[in-house]
Amino acid sequence: MSFEHKIRVYYEDTDAGGIVYYANYLKFMERARTEWLREMGTEQDILLEHSVGFVVKRVEMDNHKPARFNELLSIQTEIVELKRASLVFKQVIISKTNEVLVSALIRVACVNLLNMKPQAIPAKILGEFTRVI
């Protein structure tokens with residue numbers, strides 16, 4: 001199951017040529033993952049109170065075409081691998097004309113923020129993840 005989040009490109013997201021600076025695509029994808037968690041009923045500030053965090057371990061990103069100032073983009077997110085303490089997201093950024101602009105595989109690990117060591121994904125979240133794959 002895929003989650004869709006829309007993001008408007010603001011002037012601050014672009015470089016001198018008016019196209020999205022490549023690192024900002026990672027920010028867009030992070031926001032989409034956060035909104036997906038929120039939609040599933042999990043707020044990251046509550047996780048932080050329990051010293052639970054999700055950290056990006058690996059990113060494989062391909063930039064196919066540029067996005068430009070003021071475009072409305074769709075970020076599609078799905079889980080392609082789920083383990084006890086990590087998962088891999090496939091994320092695709094699509095233009096309003098359905099062109100794939102960016103595609104990425106992002107490995108995220110669940111960690112205990114007190115010692116920065118891997119820990120099992122909390123049962124409630126793991127259950128939600130399992131339900132959507």
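This is a predicted model: local features need pLDDT of at least 70, side-chain atom pairs count only at pLDDT 80 or more; totals for chains, interfaces and linings use all residues.
**Aromatic pairs and the nonpolar core**

Phe-3 is buried, and so is Trp-36.

Student: How many aromatic pairs does the structure hold, and how are the planes of Phe-3 and Trp-36 arranged?

Tutor: The structure holds seven aromatic pairs. In the pair of Phe-3 and Trp-36, the ring centres are 5.9 Å apart and the planes meet at 5°. Planes under 30 degrees apart count as stacked. The pair of Phe-3 and Trp-36 is therefore stacked.

Student: Which parts of the chain does the pair of Phe-3 and Trp-36 tie together?

Tutor: The two residues are 33 residues apart in sequence.

Student: How are the rings of Phe-89 and Phe-129 arranged?

Tutor: Their centres are 6.5 Å apart, and the angle between their planes is 85°. Planes over 60 degrees apart count as edge-to-face. The pair of Phe-89 and Phe-129 is therefore edge-to-face.

Student: Is Phe-129 buried or exposed?

Tutor: Phe-129 has a relative accessible area of 3%. The cut-off for a buried residue is under 20%. Phe-129 is therefore buried.

Student: Which residues of the largest nonpolar core touch the most other members?

Tutor: This core has 31 residues. The residues touching the most other members are Tyr-25, Phe-28, Met-29, Phe-54, Ile-93 and Phe-129.

Definitions and conventions
Residues are numbered from 1 along each chain as its sequence is written. Side-chain values use heavy atoms; hydrogens and water are left out. A nonpolar core is a set of buried Ala, Val, Leu, Ile, Met, Phe, Trp, Tyr and Cys residues joined through side-chain atoms within 4.5 Å. Buried means under 20% relative accessible area, exposed over 50%, partly exposed in between (1.4 Å probe, protein chains only). Rings of Phe, Tyr and Trp (its six-membered ring) pair if their centres lie within 6.5 Å; planes under 30 degrees apart count as stacked, over 60 as edge-to-face and the rest as tilted. Helices (H or I, at least four residues) and strands (E, at least two) are DSSP runs, numbered from the N terminus.
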